[in-house]
Amino acid sequence: MNRRGFLKFAAGGTVGLVASPIIWNTLYDAVYWSQNWGWIPRVPRGDSTYMRTISKLCPSGTGIRVRLVDGQPVRALSDPDNPLSRGALTALAAAETQLMVSPARLKEPLRRTPDGALVAISWEEAEKLLREKLAEAGGSTACISGDPTSTVNELLSSLVESRGSADFYFMPDDEQAALAAWSAMGGMGRLGYDVDNSDFILAIGANMLESWGTVARNRRNFSAGRPAGQEARVKFAYAGPVQNNTAAGADWWLPCRDGMEMELALGIAHLLIKAGHAVPSAGLDDFKALAGEYTPEKVAALTGVDAGRLAEVAKALAGAEKPLVLVGSALGAGGGAGAVMAGIAVNMLLGRVGAEGGLVNLPFPTPVVTGASDYRTVVNRNLIAWSQSVASGETEAPRVLLIYDANPLYSLPSDSGMEEVFTRSGFKVAMASFLSESCARCDLVLPAAMGLERFDDCYTPYGSGEVSWCISHPLVKPFYNSRPMGEVLISLAKELGVETGVKDMPGLLYKKAYSLGANFRKMVESGAVFQKKASGAFSVPVYNTDAIRTALTLKKEAAPLSLAPVVVLGMGTAQTGIPPFATKIITEYQLAGHSSVAQMNAATADKLGVRKGARVTVGNGKVKVPALVDIFEGVLPDAVALSAGLGHTAFDEFSRNKGSNIMTLTSITREPGTGLPVWSSAGVSVDKA
Amino acid sequence: MEERNHTSAPETAKKCCCCGWGAFLVGLVVALILGWAVLPALMQKELKQPVAFNHVLHVDEQGMDCRQCHFAGPDGQFSGVPTTASCAECHSEAIGNTPEEIRFVQDYVQTGREIRSEWLVYLKQPDNVFFSHSVHSVERCSTCHTEYAENPGALCKVCHIDMSKVTTPPVYSENRLSGYPKGTMLMWDCERCHANPNHLSPATNANNACFVCHK
């Protein structure tokens with residue numbers, strides 16, 4: 001065969017191969033082959049088992065049923081048998097198993113080297129270092145915890161306070177304002193909301209179907225009270241500046257300016273008193289006089305809520321058999337006690353305090369760890385006051401700062417003083433599962449086992465209407481080189497000679513169960529939940545009108561626009577970042593590419609001279625953040641809605657450099673009377689970029 | 001000069017069949033044989049099932065129902081292959097005297113070895129596809145395809161090999177490159193229903209969004 005013949009043979013061969021399926025089939029096979037490359041995670045094969053536990057990532061400890069295949073957790077499902085969440089699941093709880101292998105998961109203890117890098121060290125080195133630093137620091141030790149429901153707090157409290165320090169703080173949340181309000185009105189315990197048994201709920205500022213309080217339980221109540229195709233047994237009204245999912249689900253949405261919750265509650269009180277609803281208690285006359293000033297017209301001018309609509313809701317509230325008014329802040333923190341006091345007063349007018357489906361008085365948990373401060377004391381401590389005092393130099397910065405499951409550098413306003421606390425503290429230690437902004441600034445980072453890998457608990461999250469206690473227990477050994485922080489703290493306390501009275505976490509939880517009268521073994525084995533109805537025995541609340549009047553003197557910032565935060569659990573928490581599993585539910589109305597979306601109504605956009613898609617900056621005079629404009633008529637005039645949970649500079653590719661952190665736009669003022677730090681009302685301006 | 005520019009073969013040169021179109025045809029035929037028969041066969045590795053399970057014996061002679069072994073559990077998870085324990089409900093000891101049954105009892109039932117983890121699945125799907133048998137149920141499909149209500153097995157046969165008439169399991173043919181069996185369905189097989197507008201009815205809601213199958 002000569003060259004020409006060979007070429008013809010090759011040409012024939014090529015045509016033949018193209019006309020046969022082998023090339024195309026091999027291409028398909030190559031695609032399948034590429035899916036089997038060794039580094040691609042495999043779905044385990046094997047028998048499925050289901051274990052009941054709770055999500056420790058979810059702030060309200062939603063009950064979950066974890067599906068394990070061949071002993072490996074693969075999916076978090078809802079738990080219909082959990083009496084609290086009753087089959088509802090939050091976006092964060094759903095991501096529990098995926099987050100165990102998140103790229104941002106801390107895998108080894110890390111120590112900062114002199115050149116500023118965080119390098120992996122062994123647990124032995126990490127524990128030795130922490131022990132030495134705590135021993136050196138003595139009483140100059142502070143701790144911030146971001147998980148108020150866990151009994152691990154008692155270990156931290158005992159460890160810190162045994163050194164002679166009283167600087168053990170919870171991250172700010174709505175319970176601090178509620179506790180101040182409830183105490184001012186004569187309450188002796190924790191303020192609870194019997195959402196389960198109410199037939200009309202007016203949520204002022206609290207986006208109770210998205211992130212506020214016991215959100216999974218709230219959603220279940222919402223769906224159970226409104227069966228498809230049947231008449232709604234429970235009515236909902238929501239007051240807030242954005243037509244969020246809570247507003248969309250509610251029967252009435254009262255578009256109310258952020259930070260004007262107190263004025264709105266007084267407007268409702270005015271209408272109720274006028275209609276003859278005024279259950280007597282001490283101070284009623286004074287309160288009547290105050291509420292008398294808040295006519296619907298005045299409230300409409302202050303809050304933006306139409307007077308007719310306000311009257312409609314007040315009438316429906318008065319007509320309900322078991323109405324309940326609850327007050328909260330969109331961010332879940334930074335709201336003042338004044339609004340909660342006004343909300344309590346409205347409940348009092350309707351006789352709904354201590355009643356079924358109304359406000360309830362919940363007992364404080366009894367500490368079970370030797371030397372731990374009681375819950376009430378810790379909640380009443382003011383982290384912001386301390387951090388601002390450190391920032392101003394009035395208080396000395398601690399030599400050792402412990403950060404437990406918290407991300408204060410991200411989730412507090414920029415004038416909180418936390419930046420200075422981090423700069424001035426001698427040795428900063430983070431105990432966390434994910435590399436957050438705060439972890440990235442610490443000198444020692446201890447990788448914490450997650451909820452499915454450790455013993456932990458969730459005691460009566462704020463927003464509950466009864467005492468509840470759930471346990472999380474290890475379904476699997478800790479991934480990577482993480483360890484349960486409770487065990488690490490117990491061991492540390494022992495070596496430092498601190499008497500905690502417990503040997504290990506199961507022992508601690510057993511002790512807690514004993515103090516409550518719960519069956520620890522049954523709870524671990526079957527995922528049972530301890531519940532106890534509120535006792536109802538407490539002193540009769542009083543209309544503390546003076547305290548409300550004082551809180552009303554809070555000066556609101558004069559700014560062209562107000563910031564309306566939108567908070568959903570799909571964005572994760574400050575401690576988790578955006579769960580990779582949840583990125584699919586972040587919409588183009590929250591994040592467009594790498595830019596936050598500033599939603600405003602058409603009238604506001606016209607006033608500002610911007611259109612949909614325009615690049616703008618949203619600023620507060622000190623900080624400006626970029627955003628893209630979107631027009632949404634569900635935003636109050638002169639308000640800009642921005643999603644919280646964006647703008648991370650740490651974690652992983654799913655969270656980092658996506659949008660802007662709205663906390664940088666907030667600033668702190670002190671509420672007159674209570675002295676509580678308030679940042680729920682932020683004035684901003686929008687400029688074309 | 002004229003001699004040098006002459007590009008065709010001299011008339012006196014012998015014509016070679018290999019250098020004419022015959023070479024093209026030979027190449028074509030060889031490639032077609034390779035492409036249609038030889039190479040596809042070489043790409044496949046033939047494996048036998050761990051046990052020569054006889055469907056005819058169990059269904060026709062013993063009167064078993066398909067759903068005794070192939071059923072959806074209460075959580076919607078489909079159990080396609082029975083466990084050794086469920087086989088042992090009858091075969092705790094050998095009932096007959098066939099060598100395969102005796103081997104099964106000795107190797108699996110008596111040792112507790114799990115047959116389900118060794119059985120080769122003819123329609124194994126990649127991990128990036130989520131297929132739920134519960135959603136593709138007889139109840140749902142027979143809303144329109146009434147024939148499935150009378151003959152539920154016909155719905156299974158839309159995708160699966162008809163095993164009810166075989167005495168020995170078919171040879172499992174696995175692609176050497178991909179590691180998947182020959183019968184693994186490709187996306188267009190799914191699209192026959194999912195991309196069919198008639199399936200967007202409320203009865204099925206079988207829309208074609210990515211997230212429906214790729215979780």
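Predicted model: local features only at pLDDT ≥ 70, side-chain atom pairs only at ≥ 80, totals over all residues.
**View 1. Where chain B meets chain A.** Contact (heavy atoms within 4.5 Å) brings in 32 residues from chain B and 31 residues from chain A. About 2700 Å² is buried between the two chains, and carbon and sulfur atoms give 64% of that area; buried area is the accessible area (1.4 Å probe) lost by two parts on being put together, summed over both. On the side of chain B that touches chain A, helix α1 (residues 21–43) of chain B gives the most, with 13 residues. Helices (H or I, at least four residues) and strands (E, at least two) are DSSP runs, numbered from the N terminus.

View 2. Inside the largest nonpolar core. A nonpolar core is a set of buried Ala, Val, Leu, Ile, Met, Phe, Trp, Tyr and Cys residues joined through side-chain atoms within 4.5 Å. Buried means under 20% relative accessible area, exposed over 50%, and partly exposed in between (1.4 Å probe, protein chains only). This core has 75 residues, and Tyr193(A), Leu202(A), Phe287(A) and Leu326(A) touch the most other members. Helix α14 (residues 337–349) of chain A gives the most to the core, with 10 residues. His648(A) and its partners. His648(A) sits in the loop between β25 (639–643) and β26 (669–670) of chain A. With a relative accessible area of 1%, His648(A) is buried. Its side chain joins that of Glu437(A) in a polar contact of 2.8 Å. A polar contact is a pair of N or O atoms within 3.5 Å; within protein, one must be able to donate a hydrogen and the other to accept it, and residues adjacent in sequence count only if both atoms are side-chain atoms. Leaving aside neighbours within four places in sequence, His648(A) also contacts residues including Tyr410(A), Ala574(A) and Arg656(A).

**View 3. Back to Lys503(A).** Lys503(A) is in the loop between α20 (485–495) and α21 (505–516) of chain A. Lys503(A) and Lys658(A) are 155 residues apart in sequence and 44 Å apart in space, C-alpha to C-alpha.

Key:
Residues numbered from 1 in each chain as written. Chains lettered and ligands numbered in written order. Heavy atoms only, no water.
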